[in-house]
Amino acid sequence: MSTSPKLRIAVVGGGIGGLAFAVAISKLNLEEFITVDIYDASTKLSQVGAGIAFFPRGWEIMKHMGLEEDLEAKLPPGQEKPTLDKERLYYQTRKSNQSVGTHISDLKLPGGSVTLHRADVQTILLKHLPTAIRCHLSHRLKGYVETNEGIRLNFENGRTVLCDLMIGADGLHSATRKTLLSEGKNWTEQEAIQQSRPLWTGVHVYRYVADAALIRQVCPENRALSKVMLYCGKNKHIVAFPMRQGELVNIVLCISNPGQEGTYVDGPTVTEATQDDIADLFEGWEEDVQVLVKNTLKPSRWAIQYVKPLDRYVSQSGRVILLGDAAHATGPFFANGGGLAIEDAFFLANIIGKAIKAQESTIDVPKIARIYNEVRQPFCNSKAAGSLELVRHYQFLEPGFEEYGDGVDLPAEKVSELAKLLAESVAWTVDSVKLDLERALALW
Ligand SMILES: Cc1cc2nc3c(=O)[nH]c(=O)nc-3n(C[C@H](O)[C@H](O)[C@H](O)COP(=O)(O)OP(=O)(O)OC[C@H]3O[C@@H](n4cnc5c(N)ncnc54)[C@H](O)[C@@H]3O)c2cc1C
């Protein structure tokens with residue numbers, strides 16, 4: 001029985017990353033040593049009604065946390081859990097900016113990918129959250145101050161809370177990141193906001209779900225009814241896949257605005273769109289695409305932003321730690337931002353577990369932060385950069401692919417070159433986290 005006061009952990013943000021951290025730490029049975037509280041800005045934890053893809057690394061963690069059975073029950077027909085013993089389809093890529101599209105590759109890797117509805121993933125995480133972890137809604141963080149008594153979190157509702165370790169899992173527009181970047185700087189609030197402001201990838205996406213039954217009616221062979229599809233073209237690509245046990249198709253139309261990468265978005269970043277906004281964008285593309293574009297259900301338009309690469313994910317004191325999009329948001333192109341958030345959460349929980357098991361007189365929080373930063377910052381920054389590179393592959397924007405516009409076939413050697421580039425870009429997502437975690441824990 002521990003006689004030291006419990007370590008107070010405050011998690012800001014109850015999205016996929018924040019909840020995954022809470023579930024991961026709860027599975028380590030550390031209640032005797034820590035308390036965990038989650039603070040979220042929203043009045044109800046919810047997810048946009050869209051899909052999320054999972055790859056073997058993310059799945060392995062969910063399995064480790066005891067969530068596999070629940071997740072498996074939500075898979076669309078024909079999808080199997082991504083076990084590494086078998087090569088499976090990751091996604092199929094086509095050149096689709098022509099009336100008859102051409103096949104680029106069936107990217108197969110051990111485990112393959114699976115697709116789920118975001119709300120289902122969140123519901124499963126919440127189901128596994130023990131009651132000892134309290135969730136405080138309507139708590140929007142303004143910023144924090146490090147004091148001798150601990151870190152003081154200031155919320156817009158007027159509440160202040162003290163903790164010993166603060167985890168900023170508050171997403172793309174993270175208030176935690178804003179304060180962390182201001183450390184040691186004499187910035188005004190406006191300067192701090194500007195410095196931590198996300199940048200535009202130069203890509204707009206239209207995001208919606210379609211009723212699979214409607215698509216099946218007009219195009220029974222539509223590839224997106226049964227697998228993850230990437231329909232590629234000049235400056236545009238589409239990702240589409242089945243979800244909710246095959247009842248819905250998740251569709252993301254990605255449109256690049258060349259020369260705009262790295263600028264700021266003025267005005268709202270998410271707006272409602274209509275079928276008319278989309279109708280002409282894919283004129284002349286192959287039939288699969290026409291059907292997906294015509295069956296839109298409440299599309300929304302997102303200016304996809306990313307976080308300027310951070311040189312550290314932790315405060316100088318080591319008592320504040322960023323995870324997930326707050327540290328390395330990169331948008332949807334890898335379909336793995338959620339996966340990386342889950343990885344961060346899992347690594348951090350296990351490093352904390354190791355610190356506690358080390359049975360030193362007090363829990364060495366700065367050392368936890370140091371190890372977390374050492375293993376996660378270079379890894380996630382490189383994956384975030386790789387995500388932006390993928391867009392250039394999908395949209396024939398890399399040198400050597402300039403001339404493959406609408407209606408122009410890719411010659412065989414270019415097809416193999418592109419297929420190879422795509423396979424190399426995602427190969428890491430099947431590497432087991434086990435070895436990485438062992439390496440991290442060995443740093444203690
Ligand atoms: C169009 C699109 C498609 C995507 N598709 C995929 C995919 O297929 N697979 C995948 O793995 N990833 C995908 N991603 C990326 C993925 O959505 C994110 O990487 C993931 O949601 C990050 O999780 P998070 O917990 O870090 O942040 P979030 O999910 O954004 O959660 C942040 C939480 O913090 C709360 N919050 C925000 N500010 C404050 C504050 N000041 N105080 C308190 N609380 C606050 C919010 O209410 C929210 O609950 C996609 C992204 C986009 C935009």
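Helix H11 supplies the largest share of the shell around the ligand, 4 residues. Helices (H or I, at least four residues) and strands (E, at least two) are DSSP runs, numbered from the N terminus. The model is predicted, so local features need pLDDT of at least 70 and side-chain atom pairs count only at pLDDT 80 or more, while totals for chains, interfaces and linings use all residues. Residues are numbered from 1 along each chain as its sequence is written, and side-chain values use heavy atoms, with hydrogens and water left out.

In total, 30 residues surround the ligand, each having a heavy atom within 4 Å of it. The closest are Gly17, Asp40, Arg118, Leu141 and Asp325.

Polar contacts are pairs of N or O atoms within 3.5 Å. A polar side-chain atom of Asp40 lies 2.6 Å from a ligand oxygen atom, and a backbone N or O atom of Ala53 lies 2.9 Å from an oxygen atom of the ligand. For Gly337, a polar backbone atom is 3.3 Å from a nitrogen atom of the ligand. The ligand taken alone exposes 1,000 Å², of which the protein buries 86% (accessible areas by the Shrake-Rupley method with a 1.4 Å probe).

Val320 lies in strand S18, residues 320–322. Its relative accessible area is 0%, and Val320 is therefore buried (under 20% relative accessible area, 1.4 Å probe, protein chains only). Beyond neighbours within four places in sequence, Val320 is in contact with residues including Tyr144, Met166, Leu180 and Tyr313 (heavy atoms within 4.5 Å). The C-alpha atoms of Val320 and Asp280 are separated by 47 Å, with the two residues 40 apart along the chain.

Conventions: A polar contact is a pair of N or O atoms within 3.5 Å; within protein, one must be able to donate a hydrogen and the other to accept it, and residues adjacent in sequence count only if both atoms are side-chain atoms. Buried means under 20% relative accessible area, exposed over 50%, partly exposed in between (1.4 Å probe, protein chains only).
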